[in-house]
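Here is a friendly walk through one protein model. Please keep the picture open while you read.

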Amino acid sequence: MKQAVMYGAGNIGRGFIGKTLSESGYEVCFLDIVPEVIEAFNKDHEYRVRVVSNEGERLDTVGNVRAVNANTEEAIKTIAACDIMASAVGVNVLPHIAENIAKGMRLRMKESGRPLDIILAENQLDADKIMRGYIYQYLNEDEKKWADENLGLVEASIGRMVPPLSPEDRAGDPLLIAVEPYCQLPVDREAFRGGIPDLKGLVPYAPFSFYIRRKLFVHNMGHAVCAYLGWLKGYEYIYEAVADDAIKNTAQAAMDGSAAALSKEYGVPENELKEHVRDLLFRFGNKALRDTTVRVGADPVRKLRRDDRLVGAALYCMEQGIDPENIVVGIAAALRFAPEGDKAAAGIQTALKTDGLDAVIETYMGIPASGELARLIRKEMA
């Protein structure tokens with residue numbers, strides 16, 4: 001049986017990529033560091049995924065799985081021997097897994113010399129370049145030359161939404177995960193070094209920057225706008241926010257702006273992209289996801305960075321000559337987002353009071369207070 005390594009057994013690791021690999025004929029070895037999770041995988045060698053929608057739900061069993069502690073020699077040997085690998089650990093964790101990947105690659109060079117392709121399910125612009133930089137810190141010059149030719153770091157666009165489970169569900173089954181039905185996996189077609197694998201739902205595409213921007217500046221941005229405007233109106237769930245016509249119309253207009261910008265740069269028909277916008281809004285309205293405005297809006301510090309979903313989308317639209325008016329409404333809502341317990345949001349609120357809006361714009365967004373986008377934000381906040 002073909003062997004796959006899934007680095008990270010969290011929501012996307014279990015609910016999307018690991019499931020895809022298993023259903024595509026691979027035995028999947030999860031690398032993680034949580035003892036209870038590793039033990040649960042190795043007890044039954046399967047786990048359950050609840051697929052939920054407004055039409056109902058089904059329970060899928062994902063088989064042919066096992067787990068290994070990521071901080072062991074066995075993990076390095078597993079990386080060296082696998083046929084395909086993926087990561088879904090979160091951007092902040094990538095530096096911490098790079099050394100193990102380098103060790104696995106080094107052993108692979110000695111034992112088989114086969115190329116190693118790693119699908120990066122990290123929702124980060126230039127994740128391939130970032131990860132290559134982390135890994136190369138642990139390689140000598142000969143190993144870097146080998147990696148230039150044989151290490152495929154494959155960007156992926158993760159569009160599947162994974163709702164939170166109740167404490168009761170988690171306690172009853174530590175590996176249970178819930179997901180929406182959508183399961184397409186767009187990847188960078190040109191990044192593979194060992195050939196494009198035959199995976200269920202795989203969408204190889206080039207230039208892949210189109211899909212990365214579509215996910216970040218349409219999907220993530222629209223989701224965030226719904227969350228922040230919804231929270232300001234007192235809605236607990238995203239589906240409640242989307243059911244509010246005023247919020248839905250603002251989010252749709254913001255997403256349509258990004259769609260128009262993408263169409264101008266990449267030549268993809270605008271009506272096709274706007275159809276994607278309407279499908280996303282339909283998916284945001286999935287009551288069974290029970291996704292909250294607080295969770296989707298969490299950590300506005302990250303979401304307001306100049307290369308992330310809100311400010312990044314506004315700047316991108318302006319580069320393409322598109323008015324970012326409705327995205328700016330979302331940015332202003334993010335600046336007012338202050339749920340109890342969100343330390344990042346609390347930090348922004350403190351900075352607004354002590355330093356003022358212009359300082360927040362420059363410090364948190366990384367854009368000049370004298371620029372056009374800053375002027376639009378000030379106007380919206382007035």
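Predicted model: local features only at pLDDT ≥ 70, side-chain atom pairs only at ≥ 80, totals over all residues.

Residues are numbered from 1 along each chain as its sequence is written, and side-chain values use heavy atoms, with hydrogens and water left out.

**Overall build**

- The protein has 18 helices and 11 strands; these are DSSP runs, with helices being H or I of at least four residues and strands being E of at least two, numbered from the N terminus.
- For 382 residues, a compact globule would have a radius of gyration near 21 Å, and the protein agrees with its 21 Å. This radius is taken over C-alpha atoms, and the globule rule is 2.2 Å times the number of residues to the power 0.38.
- Along its principal axes, the C-alpha trace spans about 65 × 50 × 45 Å.

**The sheet of 6 strands**

- Strands of a sheet pair through backbone hydrogen bonds, either parallel or antiparallel.
- Which order do the strands take in the open sheet of 6 strands? The order is E5-E2-E1-E6-E7-E8, with parallel pairing; two strands pair if DSSP finds at least two bridges between them.
- Strand E5 (65-69) and strand E8 (151-155) stand at the edges with a single partner strand each, so one side of each has no neighbour in the sheet.
- From one strand to the next, the twist averages 25°. Axes here are lines fitted to C-alpha atoms, for helices over the stretch in contact, and angles run from 0 to 180 degrees between N-to-C directions.
- Strand E7 (residues 116-120) and E8 run parallel, joined by 5 bridges. Within this pair, isoleucine 119 has valine 154 in E8 as its bridge partner.
- Helix H3 (residues 73-81) packs on the sheet and touches strand E1 (2-7), strand E2 (26-32), E5, strand E6 (84-87) and E7; contact means heavy atoms within 4.5 Å. The direction of H3 makes about 130° with that of E5.
- Helix H5 (residues 127-136) lies across E7 and E8, and runs at about 145° to E8.

**The sheet of 3 strands**

- Another open sheet has 3 strands in the order E4-E3-E9, with mixed pairing.
- Its edge strands, E4 (56-63) and E9 (177-179), each pair on one side only.
- Here the twist averages 30° from one strand to the next.
- E3 and E4 pair in the antiparallel sense over 8 bridges. Valine 51 has arginine 58 in E4 as its bridge partner.

**Pocket and cavities**

- On a 1 Å grid over the protein atoms alone, a cavity is a set of points where a 1.4 Å probe fits but cannot get out, while a pocket is an open set with protein on both sides within 12 Å along at least five of seven lines; lining residues have an atom within 4 Å of a point.
- The largest pocket has a volume of about 980 Å³; a volume is the space filled by probe spheres set on the grid points, which are joined across faces, edges and corners. Of the 30 residues lining this pocket, the closest to its centre are Ile12, Asn123, Arg295, Arg302 and Arg309.
- Which helix gives the most to the lining of the largest pocket? H8 does, with 5 residues.
- Residues lining the largest cavity include Ser157, Tyr182, His219 and Arg283.
- H8 also supplies the largest share of the lining of the largest cavity, 3 residues.
- The second largest cavity has a volume of about 50 Å³, and its lining includes Asn123, Ser157 and Lys215.

**Two backbone spots**

- Most residues other than glycine have a negative phi, and most peptide bonds are trans.
- The peptide bond from alanine 206 to proline 207 is cis, with omega near -5°. Proline 207 sits in the loop between strand E11 (202-205) and H8.
- Histidine 45 is a residue other than glycine with a positive phi, near 55°. This histidine 45 lies in the loop between helix H2 (35-44) and strand E3 (46-53).
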